[in-house]
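The following report describes a single protein chain, moving from its strands and helices to its cores and then to individual residues. Please keep the sequence and the structure in view while reading.

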Amino acid sequence: MLTSTHLPGAPAWLDLGTPDIDGAISFYSAVFGWEYASAGPAVGYGFFRLGGRTVAGVGPLTEEGAGPAWTVYFRTADADATAKAVERAGGTVRMPPGDVFTAGRAAGFTDPTGAEFAVWQAGDVQGLDLVNAPGSAGLVELYTTDLAAARAFYCSVLPWDIRDLPVGDGLQYAVAGPAGAGPDAVHGGLMQLPEEHRAAGARSEWHPYFETDDCDTTLAAAADHGATVVIGAMDAPGSGRMGMVLDPFGAPFAVLTSSRR
């Protein structure tokens, strides 16, 4: 779980890129009870909030050829240095480091297996206000076409510890957390996409897990409001009960009722 969003390498921010902001506001408000706050009409960006606390950002698709997706931003002390490390490790800089007013400095990348992610160098805005509570992010996860390559890449560009996690059924899975923070600081997972999924066109991508008090009920609510359930509610030993959907515009995310609940 996201025990901290303030450690170097930990997820610090999430935002949704969507072709229909009004539709996304309607969907996520119905499923998670989020409220929307605009950052200003000239900005075209806004915030999802729960109980007055920011749980994510949302904005239009701004990159040519981009599809609906959630972007995970990992904390860095120096976005420019991280961009150089990404290039040295075989990744691509999609969005060069740039200041977001006085909030912080951001940059967007693509890893060598094709998954997009970003980094956040905090300024006035440290990161998300709420995590691990129902309706907020609890984990992030990478589906990758090459787990070994992804593992080597992220360990070279972010201060992470990564260890294998036996999950059975022939799946290859690893968990990641900020270096030196111990096993309780795990913030997410990396899963090797099975060959049949890759043959069917599955690509590498990051997605968030949002906590919920009742996974089955949340999945049903998402489906009722136009989402496509791609992994039905299932028990994940050691984690809890989870499922995965595509929102009405195609952005993937998962929901999790953690075993600690």
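This is a predicted model, in which local features need pLDDT of at least 70 and side-chain atom pairs count only at pLDDT 80 or more, while totals for chains, interfaces and linings use all residues. Residues are numbered from 1 along each chain as its sequence is written, and side-chain values use heavy atoms, with hydrogens and water left out.

Helices (H or I, at least four residues) and strands (E, at least two) are DSSP runs, numbered from the N terminus. A residue is called buried under 20% relative accessible area, exposed over 50% and partly exposed in between, with a 1.4 Å probe and protein chains only. In strand β7 (residues 104-110), 7 of the 7 residues are buried, so the strand is largely enclosed by the rest of the structure. Both faces are covered, with Gly 104, Ala 106, Gly 108 and Thr 110 buried on one side and Arg 105, Ala 107 and Phe 109 buried on the other.

Two strands pair if DSSP finds at least two bridges between them. β7 pairs in the antiparallel sense with strand β6 (residues 92-100) over 6 bridges, and also in the antiparallel sense with strand β8 (residues 116-122) over 7 bridges. Phe 109 of β7 is the bridge partner of Val 93, and Phe 109 also stands opposite Phe 117 in β8. The hairpin of β6 and β7 has 3 residues between the strands, whereas that of β7 and β8 has 5 residues between them, with Gly 114 taking a positive phi near 105°.

Most residues other than glycine have a negative phi. Asn 132, which is found in the loop between β8 and β9, has a positive phi of about 70° although it is not a glycine; Asn 132 is buried, with a relative accessible area of 15%.

**Helix α3**

Helix α3 (residues 147-157) has Leu 147, Ala 150, Phe 153, Tyr 154 and Val 157 as its buried residues. They cover an arc of only 130° around the axis (taken from the directions from the helix axis to the C-beta atoms), which puts them on the same side of α3. An α-helix has 3.6 residues a turn, so residues three or four places apart point the same way. Asp 146 caps the N-terminal end of α3, a side-chain oxygen lying 3.3 Å from the backbone nitrogen of Ala 148.

**Nonpolar cores**

A nonpolar core is a set of buried Ala, Val, Leu, Ile, Met, Phe, Trp, Tyr and Cys residues joined through side-chain atoms within 4.5 Å. The largest such core has 60 residues, and those with the most contacts inside it are Tyr 28, Phe 48, Trp 70, Tyr 154 and Trp 206. Helix α1 (residues 21-32) gives the largest share of this core, 7 residues. A second, separate core of 12 residues includes Val 186, Met 191, Met 242 and Leu 256.

Contact means heavy atoms within 4.5 Å. Leaving aside neighbours within four places in sequence, Trp 206 is in contact with residues including Trp 70, Phe 117, Tyr 154 and Trp 160.

**Selected residues**

| Residue | Relative accessible area | Class |
|---|---|---|
| Thr 144 | 0% | buried |
| Cys 215 | 2% | buried |
| Ser 258 | 5% | buried |
| Leu 219 | 7% | buried |
| Cys 155 | 37% | partly exposed |

Thr 144 is found in strand β9 (residues 137-144), and, not counting residues up to four places away in sequence, Thr 144 touches Thr 113, Ala 150, Met 191, Gln 192, Leu 193 and Ser 204. Leu 219 belongs to helix α5 (residues 215-224), and its contacts beyond four places in sequence include Val 229, Ile 231, Met 244 and Val 255. Ser 258 lies in strand β16 (residues 252-258), where its side chain makes a polar contact of 2.3 Å with the side chain of Glu 211. Such a polar contact is a pair of N or O atoms within 3.5 Å; within protein, one must be able to donate a hydrogen and the other to accept it, and residues adjacent in sequence count only if both atoms are side-chain atoms.

The structure holds 0 disulfides, a disulfide being a pair of cysteine sulfur atoms within 2.5 Å.
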